[in-house]
Amino acid sequence: MPEFIEVPKGLDRVIVADTEIGDVRGEEGFYHYRQYNAVELAKHCSFEQVWYLMTHAELPTRAQLDAFKAQVAPYRTLTPQLRDLLPHLAAASPLDGLRTALSAACAARPMKPVLDIDEAARADDALFACAVTPAILTAMWRLGQGREPLDPREDLGYAANYLYMMTGEVPSPEAARAIEHYLILTIDHGFNASTFTARVIASTGADTGAALVGAIGALSGPLHGGAPARALDALDAIGGPDNIDAWIRGELESGRRIMGFGHAVYKTDDPRSLHLRDVADEFGGEIVDFAKTVERRVVEILAEVKPGRKLYTNVEFYAGVVMELAGVPRPMFTPTFTTSRVVGWSANILEQARDSKIIRPRAKYVGTPPPVPVPEGGFAD
């Protein structure tokens with residue numbers, strides 16, 4: 001009999017691969033992309049610079065960045081065939097529509113299995129998928145609102161173009177930079193459910209599109225990618241400062257989870273939340289002040305009700321505030337997250353494709369002990 005290893009439910013704390021892409025150190029409240037502090041990258045770099053870093057393992061020179069942008073540019077515009085498809089998907093939820101549209105775009109390219117192509121071809125497939133994702137999402141959003149899709153503008157960066165293609169208005173520098181901060185902060189974050197899904201699919205040798213579509217499916221679950229809008233909905237439900245404590249205690253007494261608080265990895269402040277709180281502060285205003293008051297009381301009441309548990313805001317809490325202030329519609333909160341995370345997924349797919357070992361764990365059977373005799377004729381009594 002082969003020897004099997006039992007692991008915690010959900011693979012909690014189980015290391016399943018080596019990676020050079022980044023790591024999350026939850027006890028310290030720190031995470032990084034490659035060799036750089038991810039929050040420092042958000043403070044000092046453009047999205048395209050960090051995208052290059054994730055793809056090439058180093059920050060670009062100005063010349064390399066210009067060449068990278070030129071390589072990406074043709075992939076940002078939807079083909080006529082894809083434009084014809086999108087009206088049929090506009091009524092779906094954004095992630096459901098993206099799942100189908102990105103699959104169609106990758107199939108039409110056409111993408112080949114990562115097992116059958118070289119590193120350069122894999123990287124180009126990944127660039128295509130990352131570039132077309134925001135174009136698909138914004139086009140479907142506009143179609144769902146009865147408006148025509150917009151092509152990207154050459155004079156706008158990644159985040160500004162995303163807002164422009166969604167709203168039809170060139171965003172203020174403050175709004176564009178705020179969204180850029182958020183996008184950079186959410187490119188990658190360890191072996192979360194969607195990243196692991198992408199790597200499992202890539203380990204089979206399937207094409208990059210298949211791995212990305214699988215990751216989108218994992219992200220669509222509300223326990224993974226659906227919290228930014230829900231956290232903002234909680235602020236709406238509270239209504240005002242006088243209702244904060246009663247609402248929090250009511251949620252806890254009913255056993256409901258307070259969205260935007262707690263994290264599977266961080267045992268201290270989520271560095272993404274801390275930075276996005278600073279970004280929100282730059283906007284200022286009533287919603288920011290209210291969010292900070294709610295944050296303080298939730299943390300205090302959680303410490304009272306659940307002593308010993310270290311529960312703080314996670315990235316979703318202030319992400320919702322920042323996106324609201326930057327003009328992103330709430331149904332597009334999680335899709336906006338997807339436009340950055342697709343870069344992280346792609347980096348993981350490329351890394352996994354270099355390893356030909358398929359990810360193939362085992363399950364422990366806990367059902368009725370076999371073999372039970374099959375009844376004559378196959379019918380149950």
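Student: Which residues lie nearest the centre of the second largest pocket?

Tutor: In this predicted model, the second largest pocket has a volume of about 670 Å³, and its lining divides into 12 nonpolar, no polar and 4 charged residues. The lining is made up of 16 residues, and those that lie nearest the centre of the pocket are Ile5, Val7, Leu11, Pro361 and Arg362.

Student: Is Thr186 buried or exposed, and what is its relative accessible area?

Tutor: Thr186 sits in the loop between α8 (173–185) and α9, and, leaving aside residues up to four places away in sequence, Thr186 touches Tyr33, Val315, Phe337, Ser340 and Arg341. Buried means under 20% relative accessible area, so Thr186 counts as buried, with a relative accessible area of 0%.

Student: Which elements are included in what covers the buried residues of α9?

Tutor: Helix α9 spans residues 193–203, and its buried residues are Ser194, Thr195, Ala198, Arg199, Ala202 and Ser203. Just after α9, Gly205 takes a positive phi of about 90°. The cover over the buried residues of α9 includes α10 (208–219) and α16 (333–353).

Student: Around the axis of α3, what arc do the buried residues cover?

Tutor: In helix α3 (residues 62–72), the buried residues are Leu65, Phe68 and Val72. They lie on the same side of α3, because the arc they cover around the axis is only 60°.

Student: Against which helices do the buried residues of α3 pack?

Tutor: On the other side of α3, Ala63 and Ala70 are exposed, whereas Leu65, Phe68 and Val72 are buried. The partners against which these buried residues pack are α2 (47–56) and α6 (119–144).

Definitions and conventions:
Residues numbered from 1 in each chain as written. Predicted model: local features only at pLDDT ≥ 70, side-chain atom pairs only at ≥ 80, totals over all residues. Heavy atoms only, no water. Buried < 20%, exposed > 50% of the residue type's maximum accessible area, 1.4 Å probe, protein only. Helix = DSSP H or I, 4+ residues; strand = E, 2+ residues; numbered from the N terminus. Contact = heavy atoms within 4.5 Å. 1 Å grid on protein atoms, 1.4 Å probe; cavity = no way out; pocket = protein on both sides within 12 Å on 5 of 7 lines; lining within 4 Å. Points joined across faces, edges and corners; volume = space filled by probe spheres on them. Nonpolar A, V, L, I, M, F, W, Y, C, P; charged D, E, K, R; others polar. Arc of directions from axis to C-beta.
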